[in-house]
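Subject: Structure handover

Hi,

Here is the structure for you to look through. My notes on what was found follow below it.

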Amino acid sequence: MGIRFQNVSFTHAKRSSVRQSAVSRFSLDVPDGQIVAVMGPSGSGKSTLGQLAGGLLVPDGGTVWVDGVDTRKRGSRRILLQKVGYVAQFPEHQLFEATVAQDIGFGLRGSGMTEREVADRVKRAMESVGLPYERYRERSPFRLSGGEKRRVAIAGALVRNPSLLILDEPTVGLDPAVRLQLLDLLKRIRAENGITVVTITHDLQGALECADRLVFLENGELAADVRTAELSPACKIASSLPSTPLIRLLKEFEDVFPGQLPPGLVREQALLDFISKRLMRAKGRSV
Ligand SMILES: Nc1ncnc2c1ncn2[C@@H]1O[C@H](COP(=O)(O)OP(=O)(O)OP(=O)(O)O)[C@@H](O)[C@H]1O
Ligand SMILES: [Mg+2]
């Protein structure tokens, strides 16, 4: 399910003295099935953009189309509710049912599914975020750790098999193993269901590993839009780009072997493959 932003602007608290332009003159086309990571400093408009993409906010200027539906059109919200899974920045605030299973299954109410079907879907969603069904289903969502609550919220978005998944800082507060599991999950559901994913994150290496494309915001405007596979090791994309150990290593390599590193090595596995191939070749020459 694609998203198109055309010259979009949005201001919060329009009628108050604290009115704040959050997104301005923003245009972007996200094709069906792409994983896009939205990055940028705090206050740059990322969460606002996520809400505009899910039709939870409508633009003041310009247009947002989600799956060809203009989000300002009457009735679009109801249509999008069926297709979009949205996990807010602090999803733990959205939990409200008595048990984990009820909370996750909430989105399936009124869908005409039998109890058995609902339980199956809930179980699958829970297991995909690393919450064993039997262990967690009867627990109160309010008595879980921060990371567990976050996983319940993500399972609640996945349970309806959305065509577009919007995650606002999904990995914050998750332990490293669950963080990796979640990044793998995003790639897997995209591969299996062709789902479009917008993930808002400060985790650059995580974004490089799982996203097809990185979109950087600065003061509500599009500052850079790059494809991960084309990212050069020299990483001259945005001066404000934060660094990661892997990027620092690539920069060192680039100094020693200028122009010899192919694009796409910003992913850990790609870099490891490249290095081991080179080493094997060097070894072949020395014997
Ligand atoms: N409800 C609101 N009322 C007034 N201003 C708001 C509101 N929500 C956001 N803003 C302002 O809009 C701008 C963009 O906020 P937004 O939450 O989209 O940023 P963000 O990039 O998600 O930041 P963070 O990384 O801290 O989550 C900020 O200047 C913020 O202060
Ligand atoms: Mg935010």
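**The domain contact**

Domain 1 and domain 2 bury about 1200 Å² between them, with 61% of that on carbon and sulfur atoms. Buried area here is the accessible area (1.4 Å probe) that two parts lose on being put together, summed over both. The model is predicted: local features need pLDDT of at least 70, side-chain atom pairs count only at pLDDT 80 or more, and totals for chains, interfaces and linings use all residues. Residues are numbered from 1 along each chain as its sequence is written, chains are lettered from A and ligands numbered from 1 in the order in which they are written, and side-chain values use heavy atoms, with hydrogens and water left out.

The domain assignment gives domain 1 as 3-230 and domain 2 as 231-287. Such bounds come from an automatic or database domain assignment. The C-alpha centres of the two domains lie 32 Å apart. Domain 1 puts 14 residues into the contact and domain 2 puts in 15. Contact means heavy atoms within 4.5 Å.

What about charged pairs? Between domain 1 and domain 2 the count is zero salt bridges. A salt bridge is a side-chain nitrogen of Lys or Arg within 4 Å of a carboxyl oxygen of Asp or Glu. Five residue pairs are in polar contact between the domains, both residues at pLDDT 80 or more. A polar contact is a pair of N or O atoms within 3.5 Å; within protein, one must be able to donate a hydrogen and the other to accept it, and residues adjacent in sequence count only if both atoms are side-chain atoms.

On the side of domain 1 that touches domain 2, helix 8 (204-210), strand 9 (213-218) and strand 10 (221-227) each supply at least two residues. Helix 8 gives the most to that side, with five residues. Helices (H or I, at least four residues) and strands (E, at least two) are DSSP runs, numbered from the N terminus.

Gln-89 is partly exposed, at 25% relative accessibility. Buried means under 20% relative accessible area, exposed over 50%, and partly exposed in between (1.4 Å probe, protein chains only). Helix 1 is mostly covered, with seven of its eight residues buried. Ser-47 is one of the buried residues in helix 1. After helix 1 comes Gly-55, with a positive phi near 75°.

**Salt bridges**

The whole structure holds ten salt bridges.

- Arg-4 and Asp-29 meet at 3.0 Å, N to O. Arg-4 is in strand 1 (3-12) and Asp-29 in strand 2 (20-30), so the pair ties together parts that are 25 residues apart in sequence. Arg-4 is partly exposed at 40%, and Asp-29 is partly exposed at 38%.
- Glu-97 pairs with Arg-109, the closest N and O atoms being 3.2 Å apart. Glu-97 is buried at 13%, whereas Arg-109 is exposed at 52%.
- Arg-179 pairs with Asp-203, with 2.7 Å between the closest N and O atoms. Arg-179 is in helix 7 (176-193) and Asp-203 in the loop between strand 8 (196-200) and helix 8, 24 residues apart. Arg-179 is partly exposed at 22%; Asp-203 is buried at 19%.
- Glu-134, Arg-137 and Glu-138 form one network, joined by salt bridges that share partners.

**Backbone points to check**

Most residues other than glycine have a negative phi. Asn-7 has a positive phi of about 50° and is not a glycine. Asn-7 sits in strand 1 and is partly exposed at 44%. Glu-169 also has a positive phi, of about 55°. Glu-169 is in the loop between strand 7 (164-168) and helix 7, and is buried at 9%.

Best wishes
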